[in-house]
Amino acid sequence: MIEAYGLTKRYGAKTAVYNLSFQVRPGAVTGFLGPNGSGKSTTMRMILGLDQPTSGHVTIGGQPYRKLPNAPRQVGALLDAKAVHGGRSARSHLLCLAQLSGIPARRVDEVLGLVGLQDVGGKRSKGFSLGMGQRLGIAAALLGDPQVLLFDEPVNGLDPEGILWVRNLMKRLADEGRTVFVSSHLMSEMALTADHLIVIGRGQLMADMPVKDFITQNSVGYARVRTPDDAPEQREKLGSALAEAGGQVEPEADGALRVTGVPLPRISDLAHGADVRLWELSPHQASLEEAYMRLTQGAVDYRSTTDLAAGLAPTGFGPGAPGMPVPGTVPGGMPGGMPGQVPGQVPGQAPGAMPGGPVPGGYGPPGGAPPVPPQADPRGAYAAGPYQGASGAGDGGRG
Ligand SMILES: Nc1ncnc2c1ncn2[C@@H]1O[C@H](COP(=O)(O)OP(=O)(O)OP(=O)(O)O)[C@@H](O)[C@H]1O
């Protein structure tokens, strides 16, 4: 179990992490999500004792990392896959790490097999692709067969098969009872991989809850309504009728209308009453990616000047769009110009600034985002992608 209490990290005037408290439990994959620069890597470095918190503290199994006896056998981490001596072969890189930690040399070939690099173990890592480098970093994390694993952006640079492999590896490690903490800014990937989510924005906690609760609380139903393309006045007429009925109407890129707050049958009745023909009337669920982007849009540091000039928000749910409050902009901000804590926000609960679940009178069951489909890898959880991995558990054959 990883436990953080009031973690704060300042780099000069920059507050990278502010008052962050959370727990990462064993037996589950916990996704650590946040936009670029939100403090994920800084938090991971503090967990691993590589950065000293300005205030607060963090423990692994009740102890700070630096006080853990034989830490590499208890905690494995992938932080920066490029942090490898490129002139060394993958095998000798792992052998060095193993020797430093008193891990038997035979474990090196085991982990090379686990990550599918057994055929290129003798090659210098400077010739490795991004994806091969990620696999080597994952091999290093698994070397000590640790109970606690931290992965910073493990799918970075991996092809779809590699992404599936990492997903199944994380799940398998958690099923074995390990603590698996994995950062990403890809909500869609985390929805498939993680059991629990910790979301931060500008270094502050924005959500800490099971994935299924995140889906329930943050999924918003809407209807897509399309009128004949050759009769724009019909679209106008319907838009006015829907707005009068209390609906929120936004244009879609293809000319359809995205409607929230009015049930489907009522939309049909309103169209009929206004003598408007419909080409489409369909229920939809905002994707989890959209929900995540809504949650974090007030906490995004880096945005294209083109988007800013156009007033574009990442998802079309722009700040100021109806029913789309901007989280993290409430008064009471932290020192250094950080956004304030969202009122009512506690660990395990979405910030109060979120839409708070399906729009009343909206569509679909409460929290009716599409269920997360189970992902099966027919080759087994440890089967690797292009670099075919050896099968077998991560804890076998060690002395
Ligand atoms: N050593 C440092 N010195 C100064 N500022 C730093 C340092 N490390 C991180 N920061 C700043 O702290 C903030 C958080 O950075 P961090 O790398 O933790 O974010 P992140 O969520 O991991 O981002 P990304 O998703 O882009 O990897 C950023 O504004 C970053 O510029």
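Q: Which strands does α1 lie across, and at what angle does α1 run to β1?
A: α1 lies across β1, β2 and β4, and runs at about 120° to β1. Angles run from 0 to 180 degrees between N-to-C directions, and axes are lines fitted to C-alpha atoms, for helices over the stretch in contact. Residues count as in contact if their C-beta atoms, placed from the backbone, lie within 7 Å. The names follow DSSP runs numbered from the N terminus, helices being H or I of at least four residues and strands E of at least two.

Q: What kind of model is this, and how are residues numbered?
A: The model is predicted: local features need pLDDT of at least 70 and side-chain atom pairs count only at pLDDT 80 or more, while totals for chains, interfaces and linings use all residues. Residues are numbered from 1 along each chain as its sequence is written.

Q: What makes β1 and β4 a pair?
A: Strands pair if DSSP finds at least two bridges between them. Strand β1 (residues 2–11) is joined to β4 by 5 bridges, therefore the two count as paired; they run antiparallel. In β4, Val58 stands opposite Ala4, and Ser55 is the bridge partner of Thr8.

Q: How do you know that β1 and β2 pair?
A: They share 7 bridges in the antiparallel sense. Ala4 stands opposite Phe22 in β2. The hairpin of β1 and β2 has 2 residues between the strands, and Gly12 takes a positive phi near 60° there.

Q: Why are β2 and β4 called edge strands?
A: The open sheet has 3 strands in the order β2-β1-β4, with antiparallel pairing. β2 and β4 (55–60) are its edge strands because each pairs on one side only. Neighbouring strands of this sheet are turned by 20° against each other on average, direction ignored.

Q: Why is α3 called oblique to α4?
A: Helix α3 (residues 90–100) and helix α4 (residues 106–114) pack at an angle of about 130°, with axes 9 Å apart. Angles under 35 degrees count as roughly parallel, over 145 as roughly antiparallel, 65 to 115 as roughly perpendicular and the rest as oblique. The angle of α3 to α4 therefore makes them oblique.

Q: Which residues make the contact of α3 with α4, and how do they divide?
A: α3 gives Ala90, Arg91, Leu94, Leu95 and Ala98, and α4 gives Arg107, Val108, Val111 and Leu112. They divide into 7 nonpolar, no polar and 2 charged. Here Ala, Val, Leu, Ile, Met, Phe, Trp, Tyr, Cys and Pro count as nonpolar, Asp, Glu, Lys and Arg as charged, and the others, Gly among them, as polar.

Q: What makes α3 and α5 roughly parallel?
A: The axes of α3 and helix α5 (residues 130–142) cross at roughly 25° and come within 10 Å. The two helices are therefore roughly parallel to each other. In the contact, Ala90, His93, Leu94 and Leu97 of α3 meet Leu136, Ala139 and Ala140 of α5. Those residues divide into 6 nonpolar, 1 polar and no charged.

Q: Which residues surround the ligand?
A: Around the ligand are Tyr11, Lys14, Ala16, Gly34, Asn36, Gly37, Ser38, Gly39, Lys40, Ser41, Thr42 and His185. A residue counts as near a molecule if its C-beta atom, placed from the backbone, lies within 6 Å of it. β2 (14–24) and α1 (40–47) are the elements that give two or more residues to this shell. The largest share, 3 residues, comes from α1. The shell divides into 2 nonpolar, 8 polar and 2 charged residues.

Methods. Two residues are in contact if their C-beta atoms, placed from the backbone, lie within 7 Å.
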